[in-house]
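Here is a friendly walk through one model, with the cut-offs given as we go. Have the coordinates open and follow along.

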Amino acid sequence: MKKVYVLPLVALTLLAGCQNKQPKFQYNVDKFYDLEILRYDVPEFDQLTLQQKQLVYCLSEAALWGRDILFDQNGRYNLRIRRTCEALYLNANANTKANDEFEKFEKYLKRIWFSNGIHHHYSEDKFLPEFTQEWFVTACAEAGVAYDPAILPVMFDPAVMPKRTTAQDGVDLVLNSAGNYYGEGVTQKEAEAWYAAHKDNSPEPLWIGLNSQLVHLTPTLSQGEGASPLGGDGREVLVERVYRVGGLYGEALEHIVYWLNEALRYAENDQQREVLRKLIAFNETGDLRLFNEYCIAWVKDLDSRVDFVNGFTETYTDPLGITGTWESMVNFKDLNATHRTQLISENAQWFEDHSTTDPKYKKEEVKGVSAKVITAAILAGDCYPATPIGINLPNANWIRKEYGSKSVTIDNLMHAYNEAAKGNGFNEEFMIDDEIRALYEQYGALCGDLHTDLHECVGHGSGKLMPCVTKDALKEHASTIEEARADLFGLYYLADPKLVELGLLPNNEAYKAGYYQQMMNGAMTQLVRIEPGKDIEEAHMRNRQLIANWVLEHAENGEVMIIERNDKHYLQIFDYEGLRRLYGELLAEIQRITSEGDYKAAKEMVERYAVKVNPELHQEILARYQQLNLAPYKGFVNPVYTAIRDKEGNISDVRIDFTEGYIEQHLRYSRDYSPLPDVN
Ligand code: ZN
């Protein structure tokens, strides 16, 4: 599923983190260009059993050994460039280091680590060094660093490999993308013809091309793998180099397989052993049948506390969207958050019965779902340093349909975003007074969590459609209305004494932090993510603005308004209970629209409140946001796990440490986990 990278505002608005962590944890690590490096805590690691810790350790080793693969997938010169730069960084003489250019060089190297290559991880444009080629060549010579001169134009010439993955109309997408999924000179036409000829159209298809590079057939490769005649003249133009032990990236996959085998010793149950065995066999053979079996086994493993992703997964960097980039994430269930969602879901019927919706739209029997919240233990490959905030896998649609999928949110990363954002000036700029800021500091994250839980565990599952109304009745507005319905359900109950009674909120004031945050974000601050002059497109953003603007327009008794003070606009809530009544009214209407399949009303509602942006307010918000000078992209350093071994060499304990810095970490990974040759 498409990765959602966290932009700064999301940290304050989406699912917030957990409570009661040690206050002194150092979340902010480094900041350069448009990037900020954070550190994440791994709460509950100490409460894992020894066996679970051993498993996390082995899986995290398996994760770290894949780092080189992604560098090479992102561009065939990336490993050479990274290694040359690292060698210069470590061996530069005092004279070189004293030069101002060295500072620019260090920033360039930090950027390479962040992007797993020389293209920006998000825009995919090549970034150019701020130091000159002459300086670089001289510095390398003085440091005795030898390198392949082919890297110079790749690093310094803006015209060479300008884009990692291009989506430009009318150009050859393969030839014009720097990604290394196709050999040199392979054209889009050739690649598409090959995929078309080899596509598996069976009901349980193999994902042909997921784990391979397509290259031109040469005499040395003619006996290679995957070379099967196309038919006709019996000639094949392209041949597949399969990612597997003994094949492409075999040197890294060998280490991964070793650690997956070690993990097998500590697996929690038979199902997890099955997952590991299938993945090992797939890495050894590259056989896509085994990959399907692995995905199915993984979906079925719901009982293990520890879980992981390790392999060729997302396909956005391949210009043709077929080959998977390598990624890994090891995680375990967050029991605290899981308890929270269980409690909410056990009370699903109570919530359904007491909502403001018309009784005829209520479900007689409603079942809550318990959301899975996880704690990330290590991030690697395409999940590192920038990382998604959720996992929704596998990607094969037929497996999702027949066997389901796992969808989880990663609480400790969200918590790190929130903590790191504290004191960045955002709340000081946009929240109206100290009182609400203090309330938000204290309860904002908890309210964010609970709102998300209510939205996911009971909101989406509530209500019913009238007979004859089909699911797609609201057409292009269905997702905005559906998200608004779930959000309003959550907002309405956030202020309910029931939450205090259940022990989910500490008092009857805390919810106000969540109410203020929703209104401020929906009406104002989420606009920082919209370019000037553009409409709001994304369903969740539309839903948030719909709710906020509808409420502002219907707050006839001044319950809530946007006021002006010193030429700046702020949201002010005068009557929280009145605001709750308005949320309840809108919930009833949105439920009616959904239950009746009232397309006309949905369209009017969305067009009136959700899409258009007030241009003056937008400009003001953007200007105020810009002067805060926040880095729009975040990434992480990992904790360091150390295995303590007994005399027989068995792991007797696993220690976790959070002190490693960004530069140290990458230099260590490059030293200890870099098995691939320069040219693959
Ligand atoms: Zn939703």
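## Two helices side by side

Let's begin where Ile481, Ala484, Arg485, Leu488, Phe489, Leu491, Tyr492 and Tyr493 of α19 meet Arg580, Tyr583, Gly584, Leu586, Leu587, Ile590, Gln591 and Thr594 of α23. Contact here means heavy atoms within 4.5 Å, and helices are DSSP runs of H or I with at least four residues, while strands are runs of E with at least two, numbered from the N terminus. The residues of this α19 and α23 contact comprise 11 nonpolar, 3 polar and 2 charged. For that count, Ala, Val, Leu, Ile, Met, Phe, Trp, Tyr, Cys and Pro are nonpolar, Asp, Glu, Lys and Arg are charged, and the others, Gly among them, are polar.

Helix α19 spans residues 478-494 and α23 residues 576-596; they pack at about 145°, with axes 9 Å apart. Axes are lines fitted to C-alpha atoms, for helices over the stretch in contact, and angles run from 0 to 180 degrees between N-to-C directions.

Residues are numbered from 1 along each chain as its sequence is written, and side-chain values use heavy atoms, leaving out hydrogens and water.

The chain has a mean pLDDT (the predictor's confidence in each residue, from 0 to 100) of 92, and 94% of its residues reach 70 or more. Where pLDDT is low, the predicted coordinates should not be read in detail.

## The zinc site

Which residues hold the zinc ion? His455 (NE2), His460 (NE2) and Glu483 (OE) coordinate the zinc ion at 2.1 Å; donors are N, O and S atoms within 2.8 Å of the metal (3.2 Å for Na, K and Ca), and sites may look incomplete because water is not among the atoms. Along the chain, the donors follow the spacing H-x4-H-x22-E. Histidine 455 sits in α18 (residues 434-459) and glutamate 483 in α19, so this pair ties together parts 28 residues apart in sequence.

## Backbone details

Two peptide bonds are worth a look. The one from tyrosine 384 to proline 385 is cis, with omega near -5°, and proline 385 is in the loop between β7 (372-381) and β8 (390-393). The bond from leucine 393 to proline 394 is cis too, with omega near 0°.

Technical notes: This is a predicted model: local features need pLDDT of at least 70, side-chain atom pairs count only at pLDDT 80 or more; totals for chains, interfaces and linings use all residues.
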